[in-house]
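Here's a quick briefing to get you started. Take a look at the structure below, then read on.

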Amino acid sequence: MSNAFSVKANLEEIKENIRIACLHKNRNPENVKIVAVTKYVSVERTEEAFASGITDFGENRDEGLLEKFEILSKNASWHFIGSLQTRKVKKIIDKVDYIHSLDRVSLAEEIHKRATKKVKCFIQLNVSGEESKHGIAPHDVADFVKELAPFTNIEIVGLMTMAPYTEDEDTLRKCFRELKNLQECIQTMQLPFAPCTELSMGMSNDYMIAIEEGATFIRIGSALVGNEH
Ligand SMILES: *Cc1c(COP(=O)(O)O)cnc(C)c1O
C-alpha cells in the first residue's frame with residue numbers, strides 16, 4: 001500500500017511545516033517542542049511513535065498515561081494535558097514531567113502536597129470564553145498566579161490554551177496572540193516561581209498558526225499518531 005499509515009512520515013511532514021512556520025517569523029525550529037498526544041491510540045502505536053524518534057507524549061486520562069508509561073517510562077517525557085481531577089493527582093504525579101492543565105488553586109494545593117520533585121505546570125487559560133472549555137479567564141490570570149506563591153513544589157513554566165474549533169484563521173490567530181500577551185504580562189511580574197517562558201498551544205488543525213504566534217509546545221494527536229477510536 002502506497003499510502004499506509006506511518007508515524008514517521010507524519011512526523012517528517014510536521015517537522016517540515018514547523019520549519020516553514022518558523023521561517024515566516026524568523027524563529028528557530030528547535031524552540032518548538034512536539035508533544036505527541038496518544039489519547040486516541042494504542043500502546044503499539046505509541047511505541048511506533050517512540051521508535052520514530054518522538055520523546056514527548058501527552059495523555060489526558062490517568063489510565064492512558066499509566067498504561068503507556070509502563071512501556072516507555074524511562075526514555076520518554078510525559079505531559080498531562082487534560083482536565084485533572086484533584087483525586088487523580090496522586091496517581092500520575094511521579095510519572096509526569098509537565099502538567100498543562102492547572103486551572104484552580106485546589107489543584108495546585110494537591111499537586112504541591114503530592115509532589116516528589118518540583119512539578120512544571122502550565123496554567124490553562126480559557127481565552128475563547130467558550131463555556132465548554134476549562135481554564136482561567138484572561139482577566140483573572142494575574143491574580144491567580146499570585147495565589148500560587150505558597151505552593152513551592154510548583155513551577156509555572158508557561159500558559160496553555162485550546163483554541164476554538166474553527167477553520168477561521170483570524171479567530172485562531174487572535175486567540176493565540178492573546179495567550180502570548182498574557183504570558184508576557186506574567187513574565188513582567190517577575191515572580192521567582194513563575195518564569196512563564198513557554199506557550200503550549202496548537203493542535204493538529206492549527207499548529208502552524210500557533211507557531212507563527214509563538215507556541216513553544218505544540219500538542220499533536222490525530223495528524224501525527226492518528227486516531228484509532
Ligand atoms: C486531544 C488533545 C490534543 C490533540 O488533538 P488533535 O486535534 O488530535 O491534534 C491537544 N491538546 C489537548 C488538550 C487535547 O485534549
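The largest nonpolar core has 66 residues, and Ile99, Ile111, Ile123, Leu148 and Leu224 touch the most other members. A nonpolar core here is a set of buried Ala, Val, Leu, Ile, Met, Phe, Trp, Tyr and Cys residues joined through side-chain atoms within 4.5 Å. This is a predicted model: local features need pLDDT of at least 70 and side-chain atom pairs 80 or more, while totals for chains, interfaces and linings use all residues. Residues are numbered from 1 along each chain as its sequence is written, and side-chain values use heavy atoms, leaving out hydrogens and water.

- A second, separate core of six residues includes Val35, Tyr98, Val157 and Met160.

**Helix pair**
- Helices H2 (residues 43–51) and H3 (residues 62–72) have axes that come within 10 Å and cross at roughly 45 degrees.
- On the H2 side, Val43, Thr46, Glu47 and Phe50 meet Glu67, Lys68, Ile71 and Leu72 of H3.

- Asn26 isn't a glycine, yet its phi is positive, about 60 degrees; it sits in the loop between helix H1 (7–25) and strand E1 (33–37).
- Asn26 is exposed, at 77% relative accessible area (exposed is over 50%, buried under 20%, partly exposed in between, with a 1.4 Å probe and protein chains only).
- Cys196 also has a positive phi, near 50 degrees, but Cys196 is buried, at 0%.

Conventions:
Axes fitted to C-alpha atoms, helices over the stretch in contact; angles between N-to-C directions. Helix = DSSP H or I, 4+ residues; strand = E, 2+ residues; numbered from the N terminus. Contact = heavy atoms within 4.5 Å.
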